[in-house]
Amino acid sequence: MGEKGVTFGRICGITLRLSPSWFVIFALVTWALARGWFPNSYPEWSLSAGIITGVITSLLFFVSVLAHELMHSLVALRKGLKVRAITLFIFGGVSEIAEEPKEPGDEFYIAIAGPLTSLALGGLLFGMWFALRDAVGAAGYVAAVSYWLGLINLSLGLFNLIPGFPLDGGRVLRSILWGRSGNLRSATRMASIAGRVVSYIFVFIGVYYLFTGSWLNGIWLAMIGWFLHNAAVGSYRQMQLNDLLSGRRAGEIMTRDCVAVAPHTTADQIINDYALTKGQQCFPVMNGEKLEGMVTFDSLRGVHREERREKTAAQIMTPRERLGSVAASDDLVKVLSVMTEYNMPQVPVIEDDKIVGLVSREQMLAFLDMQAKLGG
C-alpha cells in the first residue's frame with residue numbers, strides 16, 4: 001500500500017487507486033445492506049443471500065462511483081488536460097487533474113460529465129428494476145440490486161449538482177461565473193463562498209439529527225459538511241497560490257551550483273564532503289553528462305550509520321524516471337505540480353538533456369514569503 005493508497009489498475013493512462021478509507025466505507029456499506037436494507041426489504045431472504053448480495057452490491061456501487069469519476073477524467077483528457085489518477089475514498093472519489101481548465105466551457109463539460117453519468121446509470125438501473133420487479137430466483141436478486149443502485153446513483157448525481165464548490169455543481173457554477181466575468185479568481189471566490197454555505201447547511205442538519213436521536217445520520221452529514229468546508233477553503237487557497245506563482249519562471253529561483261555526485265560515490269562521502277560542510281541537501285547523480293537520479297536528504301537519513309561506507313549514490317538515489325523535471329522557462333505553477341505529482345522536495349531543471357539547476361521546496365517557500373512581504 002502506497003502513501004496514496006492501493007493501485008488496482010490503469011485506464012487510458014490514468015492510475016486507479018483505493019484510499020485506505022475506502023475499505024472502511026466498503027465494510028460499512030456491505031454491513032448496512034446485508035443486515036439492514038435487504039433483510040427489511042426482502043425478509044424471505046436467507047442470511048447468506050443477504051450477505052452475498054450486499055458484497056456484490058457494494059462492489060457495483062463503487063464501480064458506479066468509478067464510472068462517475070472516469071467520465072470527468074476522459075472529458076478532461078479530451079480537453080487536453082493531464083489526469084494523474086482516480087482515487088476512491090470514504091466520501092466517494094476524486095479525479096486528480098493536473099491543471100485547471102483553460103476555458104470556462106472546458107470546465108463546464110468536465111464538471112457536468114460526472115453527474116450526468118450517475119443520473120444516466122440511475123435511470124438505466126431503475127429501468128432494469130421495473131422490468132424485473134416481479135421476478136423470482138436469480139432475476140429477483142438482480143432486481144433488488146438494481147433498485148438500490150438506481151436509487152444511490154440518482155442520489156449521487158443530484159448531490160453532486162448542488163452548487164457548492166468544489167462539488168461538480170460548484171464547478172459548473174464557477175464555469176458560468178467565469179464565462180460571464182472573464183475572471184477565474186473572482187469566479188472561484190464566489191463558488192467557494194457558495195461551497196462554504198452548503199457545508200454549513202450540512203453541518204446544521206447533521207447537528208439537528210444528533211439532537212433528535214438519529215446519531216448515524218447526524219454524524220455522517222456533519223462529516224460531509226466538514227469535508228466540503230475544508231475542500232472549498234483549500235480550493236480557493238490553491239487558486240491564490242497559483243496566482244502568486246504564475247508568470248514567474250523556474251530559471252528565476254533555481255540553484256545553479258548544486259554539486260553533482262558520481263553513481264559510485266558513497267553515502268558517507270556525500271554526507272561529509274557536501275551535506276555537513278556545504279549545507280547541501282540534494283545531490284544530482286551524474287554519469288558523465290547524463291542525469292541518473294537524485295540523492296535527497298531523506299534518502300541519506302534512511303541509510304544506517306554502519307552502512308554509509310558501502311551504500312553508493314546509485315543504490316540510494318531516486319531514479320531519473322521517478323523524478324520528473326521542468327525547463328527553465330516553465331512557470332512555478334508547473335514546478336509545484338511536478339513536485340506534488342512525484343512527491344519530491346526538489347525538481348531538476350533540464351535543458352537540452354542536461355541538468356542546469358534545481359528548484360527546491362524551500363526556494364518556493366522563500367519566494368512565496370517574499371511575495372507576501374511585498375504585498376503579492
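1. Helix α7, buried positions. In this predicted model, α7 buries Gly218, Leu221, Ile224, Gly225, Leu228, Ala231, Ala232, Val233, Tyr236, Met239, Asn242 and Leu245. Among them are two glycines, Gly218 and Gly225. Asn242 also belongs to this buried set.

2. Helix α7, length. The helix runs over residues 215-245, which is 31 residues. At 1.5 Å a residue it should span 45 Å. Its end C-alpha atoms lie 45 Å apart, so expectation and model agree. Just after α7 comes Gly247, whose phi is positive, about 90°.

3. Helix α4, length. This helix covers residues 138-160. It has 23 residues. From first C-alpha to last it reaches 33 Å, close to the 33 Å expected at 1.5 Å a residue.

4. Helix α4, burial. The buried residues are Gly140, Ala143, Ala144, Val145, Ser146, Trp148, Leu149, Gly150, Asn153, Gly157 and Asn160. What do they pack against? Their partners are α1, α2 (47-78), α3 (104-132) and α5 (168-181).

5. The α1/α4 pair. Helix α1 (residues 20-41) packs on α4 at an angle of about 120°, and the axes are 13 Å apart. Angles of 65 to 115 degrees would count as roughly perpendicular, and over 145 as roughly antiparallel. The two helices are therefore oblique to each other. The crossing of α1 past α4 is right-handed.

6. Who makes that contact. From α1 come Val29, Leu33, Trp37 and Phe38. From α4 come Ala144, Tyr147, Trp148 and Leu151. The contact residues divide into eight nonpolar, no polar and no charged. Ala144 and Trp148 are also on the buried list of α4.

7. The cis peptide. Phe165 and Pro166 are joined by a cis bond, with omega about 10°. Pro166 sits in the loop between α4 and α5. Most peptide bonds are trans. This one is worth a look in the viewer.

8. Cys12. Where is Cys12 found? It is in the loop between β1 (6-11) and β2 (14-18). Most residues other than glycine have a negative phi. Is Cys12 buried or exposed? Its relative accessible area is 57%. The cut-off for exposed is over 50%, so Cys12 counts as exposed.

Technical notes. Residues are numbered from 1 along each chain as its sequence is written. This is a predicted model: local features need pLDDT of at least 70, side-chain atom pairs count only at pLDDT 80 or more; totals for chains, interfaces and linings use all residues. Side-chain values use heavy atoms; hydrogens and water are left out. Axes are lines fitted to C-alpha atoms, for helices over the stretch in contact, and angles run from 0 to 180 degrees between N-to-C directions. Helices (H or I, at least four residues) and strands (E, at least two) are DSSP runs, numbered from the N terminus. Angles under 35 degrees count as roughly parallel, over 145 as roughly antiparallel, 65 to 115 as roughly perpendicular and the rest as oblique. A crossing is left-handed if the near helix is turned anticlockwise from the far one by less than a right angle, and right-handed if clockwise. Contact means heavy atoms within 4.5 Å. Ala, Val, Leu, Ile, Met, Phe, Trp, Tyr, Cys and Pro count as nonpolar, Asp, Glu, Lys and Arg as charged, and the others, Gly among them, as polar. The expected span of a helix is 1.5 Å times one less than its number of residues. Buried means under 20% relative accessible area, exposed over 50%, partly exposed in between (1.4 Å probe, protein chains only).
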